[in-house]
Number of protein chains: 2
Amino acid sequence: MASWLPIPKNSPFSLANIPFGIISTKSVSRVPAVAIGDYALNLSAFASSGGFAQLPAIQQHLDVFSQPTLNAFAALGRPVHRQVREYLQNVFRTETQFPEVLKDNAAAQKSALLPLLQVTNHVPMQIGDYTDFYAGLNHAYNIGVLFRGPDNALQPNYKHLPVGYHGRASSVVTSGTPLHRPHGQILANPAATPKVPTFSPCKRLDIELELAAFVSTPNDLGKPVPIEEAEDHIFGLVLMNDWSARDIQAWEYVPLGPFNAKNFGTTITPWVVLIDALEPFRTSGLEPGNRESLLPYLREKHAASAFDIALEVELTNKGGKPTTISKTNATNLLFSFPQMLTHHTIAGCNMNTGDLLGSGTISGTEPKTQGSLLEQTNGKNPLKLEDGSERLFLEDGDTVVLRGVAGSEGNYVGFGDCAGTILPAYPL
Amino acid sequence: MASWLPIPKNSPFSLANIPFGIISTKSVSRVPAVAIGDYALNLSAFASSGGFAQLPAIQQHLDVFSQPTLNAFAALGRPVHRQVREYLQNVFRTETQFPEVLKDNAAAQKSALLPLLQVTNHVPMQIGDYTDFYAGLNHAYNIGVLFRGPDNALQPNYKHLPVGYHGRASSVVTSGTPLHRPHGQILANPAATPKVPTFSPCKRLDIELELAAFVSTPNDLGKPVPIEEAEDHIFGLVLMNDWSARDIQAWEYVPLGPFNAKNFGTTITPWVVLIDALEPFRTSGLEPGNRESLLPYLREKHAASAFDIALEVELTNKGGKPTTISKTNATNLLFSFPQMLTHHTIAGCNMNTGDLLGSGTISGTEPKTQGSLLEQTNGKNPLKLEDGSERLFLEDGDTVVLRGVAGSEGNYVGFGDCAGTILPAYPL
């Protein structure tokens, strides 16, 4: 697919993608947009210029493009998302059926096409609840080995259900938002008796490389979503960095799970890549989605329940050169997002439009393929950065960028940067 | 304090209380209200009739009383809540300074005073995030004994920080909402190898008796709330039943904590009792709030960090007589809500108006003072109900009512009923 709009060959936002987000500029308050090449298409301005006049499916719902979040658009459901995306692909195609809408319409281009460098991105949805799963089997195994040894690395439940926990929605931020190093209780000497914590800034600050899914259509309290319907409740995916304070976590997490170690900030990419855009990259995960070892409520129709998305983690010392510290793939998941969503609702929990589901940390099995520093260094074996410095965990001023992309040059379906910089601990 | 309005002596909503909620009727959509005796005062209608003309503090903010949640009112901050409550106490007092507002104003009474029996209650706030703590020391100890024996009942962190976890906001419902028995994965025979779960409706359905606090004013991401300011971020308290599926919980909870065992429903009372209304009942909790064993960031100015609130749990077999199965007191907490809120923010987590903080299950040390069935029966020693039937856990059709009240007859500051009935599992 070629476009009349110049799109760099390495852009994650090729014509094959068309991800949705929320943007603002100095003169435009938050509005829905799609990213294409180096531009954002302001969908509010585009709709006002009559851009959707040729698309009957959306005529009754044009108000969704004047909302400050994508929730109203997402709630319209997957058939509408699909039609809008395919229509916009048509509009941007060299041989568009609708040249008068944008290609040959200088006024519409001027009002609606904005250089990405000039827009501010925002968390794209009003997030009601955020849940983080633990479906990265290699990560769960690696962490389990560190805590319990290789024979008991995975808990007995691990392969039967997507283990997950409720996270903190309020502190989900968009790429580029700096975060203060968290303070907290830390057990400086775990071997001492009695165990008395100290109070200090986190000394083992880590990242977690994840994918995450936004929920589109809700289900009622008490009514589970069957596995065969679950994918249609998912709007699309983003990349996510689940920043983690390992020393705070180690002290606080028994018996109810991680809390302050995770709730000081979670960074996501601002552009939601629709499941339809990822469909060509569907493939098997670590085990088939229809495996017979699963209880029937979690068994998918097809084996191919993952997406082939190349992932990487880049770490940059303040003022230094970027170092790619990890490369892996989104196939390293044991459960799919539809399985996570169905499991989440099986006891009756209601999902709302805008709810966010994290995959859990995605790690491979080889060196330099892990999605967290803890797995790479075990707090003992430092990583070497390009500028010669070393890292066990993050230092103040470090910037971490996650990237993920499917497809090939000229037709990338990618997420853009998921970036965050660590500020010194907030002075108390 | 006597009122010109007839208030039953045993009403939890005496003139000393004035709790805030959200009501609707057949002809009135959701509006803020206060409960007094057997009536609700519709604050939107009251404001429209000029009821607040004598209260300068609220003049610029009367729109908060036409909102469908209490969030906008709560966000005005504690000094405003205090003035509104005291003004309304004055309006209802026999010797009111403002008889023209309601006492001698038949038209205003007709438009704004509604019998409680004719109104529908709603979840009073838009809840962004819900967090459940574990500050009921006796409960934590009792559960710890069941799982690990008396020598290791409490984890090493327990007395140093308010242990908590993120809960599910979407499924918080108001008193009276029935809930389906949840389905889930259960390990029928924990001793068997390998451990293979079955899928079934929960067989060990339980309650948890808790208090919960709503957040009024927010804090920014990255900026902790100092302990001395924390109480002013709390709007007020409700009673809460944290329904728990013990068999689902036992299988799913390692290593990240409870998930589906808790997220199918959490019931709260609809009337928010302000901290100011509870102030006369302030007393010591299980340990002083300023104890030196706490890290300084959690140390309160004063020892008295709890409230003397009598609590009870009533269980009714379908069509049977109510049985009071537990009586305890809210003093059975090791940490206060200000301590929970400060700890929640210490790593930088931002709290929003409407966030809900649960105390954890409140239990005493004597028989029939525990806040959960698991503690009372251990799944082995049945409770006897008034109608002769027995319970290890809840059966379909059972209704549980939590009640809590401070003060004495004629001046009760109470929460009203926190009620819920268990429906059969939803047919899949």
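Colleague: What makes residues of chain A and chain B count as in contact, and how many are there?

Modeller: Contact means heavy atoms within 4.5 Å, and on that rule 61 residues of chain A are in contact with 61 residues of chain B. Mind that this is a predicted model: local features need pLDDT of at least 70, side-chain atom pairs count only at pLDDT 80 or more, and totals for chains, interfaces and linings use all residues. Residues are numbered from 1 along each chain as written, chains are lettered from A in the order written, and side-chain values use heavy atoms, leaving out hydrogens and water.

Colleague: How much area do chain A and chain B bury between them?

Modeller: About 5600 Å², with 64% of it on carbon and sulfur atoms. That's accessible area (1.4 Å probe) lost on putting the two together, summed over both. In chain A, His166(A), Leu256(A) and Phe259(A) lose the most, together 15% of what that side buries.

Colleague: Why is the pair Asp129(B) and Arg168(A) called a salt bridge?

Modeller: The term needs a side-chain nitrogen of Lys or Arg within 4 Å of a carboxyl oxygen of Asp or Glu. Here N to O is 3.5 Å, so the pair qualifies. The count between the two chains is 4 salt bridges.

Colleague: And why is Phe199(A) called partly exposed?

Modeller: Buried means under 20% relative accessible area and exposed over 50%, with partly exposed in between (1.4 Å probe, protein chains only). Phe199(A) has 28%, so it's partly exposed. Among the residues Phe199(A) touches are Leu295(B), Tyr297(B) and Ile346(B).

Key: Lists of a residue's contacts leave out its neighbours within four places in sequence.
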